[in-house]
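Subject: Structure for you to look at

Dear colleague,

I am handing over the structure we spoke about, with my notes on what was found in it. Please keep the view open beside this message while you read.

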Amino acid sequence: MTSVRNRCASVLLLASFFFLFSPSDAHALPAFARKYGLRCSACHEAWPMLNYFGQKFKDNGYQLMNDRDAPIWQNNGYWPVTIRISPSWHRESSDKVAVDQAATGQQQITAHGFDVGGLDMLSGGTLDKNISFLFVLSSDETAAFHFESVNARLDNLFGSPWLNVKMGKFELDNIVSEKRGLTLTANGGGFQLYHFVPVGDNNFLGQIGDNQFGLEWMGHSANDRTRLSASILSTTDGSPDLPGSNTYTGFFAGSQAFDVGKLGTQRVGFYAMVGQAPTNTLTSGGVPIAGGGFGNKSFSREGFNGIFYLGKLDFQVVTQHGSDDAFFATSTAAPAALPAGARSAVWNGAFVETHYVYNPQLIFIQRSEWIRMSQQAIPGTASNLGNIDNYVLGYRYMPFMNSRAGFAFHNEYSWIRQRGTAPDGTDLTSSSLLLGFDFDF
C-alpha cells in the first residue's frame, strides 16, 4: 500500500506539470478575424473562451454562411495560421514528497523560476463552401511536436444544419470546453473532473478532456439554440496507430439555449461517454504487441452542464458521475482472478467556474472543483481515498485584441488536495502560482 501511495503522489505531481507544460490547444485564431474583418470580441467573451456568436460560428463550420466563406473568394494574401505560446514565471509547491535525505522520508518541495509552456501552431477554416478543417500542431516545452487536432468536416449536408460529419482527431463536443479554458497553472490549467482516475485504477482511456480519434455527427437548429452530437471513437485516448485492440467508445452530447430577458442566453446540456477497453495485451518476448489487447471491460462517464449569465458574471457548471469496471479499478489484467470482494470504482464530481467580465479586455476567474469517491474497488478501503478539492483564482488583462494578434497578462494561483495519497498515507497538497504573458499571432 505504501508503494501505491508513493506512486500516486508521483503521478499527481507529474500530472500537475503536465497541465502547465502541455499546450493549451485553445482554438483562438486571429486569422478568422482577419478573414471576415471582425474584432476578436465578436466571437470571444474573453480570448480564448467563446461567446454565443463564436459557438454558432464554430458549429457552422467556421463560416458566417455568406459568400466570403469559400477560399476562392479570399484575398490571396490571407493565410489562416496562428501561433501561440506562454512565457512565464511560476512557483510549484508540494507539501509531502518522498525524499531519501529527509529523516521522516518526506518533505515539502518548492521550485520557482522563469519558464515557457508549449507552442501551438493552428490553422482552420474552409477548404470549400461547407467543407471545413482544423489543424493544431503542438509541442511541449522541449519542442517535441505532436498532432493535437487534425480533422475535416462536411458541413450542412443537403442544406441542413442538422447534418454535419467530422472525421479525424478532435475535441469532444462538450459545451464547457477545457481546450478553450482561461486558466494556465499546473494545478488549475485543466479540469480535474475531465481527467480523474481513482487511486489504484489504471484506466487512462476515459479522459473527456483529451482530444480523440473518431467520427462525429453533429446537428443544430438554424439559430444554434438546440445542439446534438454523437461520436464513435477509437479507444486509444487520442494515441495514433491503433495501439490497443479493436475497441470503440461512444460519446453523446446535447444542449438547449434559451433567453432569460435582460440576462441574455443561457444554456444547459448533458453528455455521456460509454466504452470498452482492453485490460491485457498479447506479448512477443515480453514486449506488448500493438493491436493485441484483450480482456475488454467497460467504463462510463455521464454528466450535466450549463453556462449561465448574470450581468457581467457568468458561470460554467459541470456535474459528472463516473464508473470503471473492477478490472480497471484494481489494475488487474484479465483473465486473472480479481482480488477478493473487488467491485467497480464509482465516483461523483462537480465544478463551478465563475467569470467576471469587467470589460472585453479584463476578466477575473474563479473555479471550485470537487471529486468524491462513492464506492472504492476494494471493500475496507478508506471511503475518501483519492478525493480531490481544487481551487483556482486569477485574472487576464488583454491590453489589445485585434485581427492580427492577441496578448494577455495572466496572473493565477491554484491549490489542490488529494486525500490519502502522500507517501505516509495522509493528504497530499500542492499549489501553483503563475505570472506570465500569453500571446498569439
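R84 stands opposite D120 in strand 6, and this pairing belongs to the antiparallel contact between strand 3 (residues 81-85) and strand 6 (residues 120-128), which are joined by four bridges; here strands (E, at least two residues) and helices (H or I, at least four residues) are DSSP runs numbered from the N terminus, and two strands pair if DSSP finds at least two bridges between them. V81 likewise stands opposite S123 in strand 6. Please bear in mind that this is a predicted model, in which local features need pLDDT of at least 70 and side-chain atom pairs count only at pLDDT 80 or more, whereas totals for chains, interfaces and linings use all residues. Residues are numbered from 1 along each chain as its sequence is written, and side-chain values use heavy atoms, with hydrogens and water left out.

Strand 6 and strand 7 form a hairpin with two residues between them, and N130 in the turn has a positive phi of about 65 degrees.

Two further residues have a positive phi although they are not glycines: A143, at about 70 degrees, and D237, at about 55 degrees. A143 is found in the loop between strand 7 and strand 8 (145-154), and with a relative accessibility of 48% it counts as partly exposed. D237 lies in the loop between strand 11 and strand 12, and its relative accessible area of 18% makes it buried. Another backbone feature is the cis peptide bond from A334 to P335, with omega near 10 degrees; P335 is in the loop between helix 5 and strand 18.

The next region to look at is around T226, in strand 11 (residues 226-234). T226 is partly exposed, with a relative accessible area of 23%, and its side chain makes a polar contact of 2.6 Å with the side chain of Q256; a polar contact is a pair of N or O atoms within 3.5 Å, where within protein one must be able to donate a hydrogen and the other to accept it, and residues adjacent in sequence count only if both atoms are side-chain atoms. Leaving aside neighbours within four places in sequence, T226 is in contact (heavy atoms within 4.5 Å) with residues including W162 and S255. W162 and T226 are 64 residues apart in sequence, and their C-alpha atoms are 10.0 Å apart in space. S255 lies in strand 12 and is buried, with a relative accessible area of 6%, and a polar contact of 2.9 Å joins its side chain to that of R267.

As for the protein as a whole, its secondary structure comes to five helices and 22 strands, and 53% of its 441 residues count as buried. Among contacts between residues at least 6 apart in sequence, 64% join residues at least 24 apart. The protein exposes about 18,800 Å², of which carbon and sulfur atoms supply 63%, the areas coming from the Shrake-Rupley method with a 1.4 Å probe, where for residues only the protein chains shown count as cover.

Conventions: Buried < 20%, exposed > 50% of the residue type's maximum accessible area, 1.4 Å probe, protein only.
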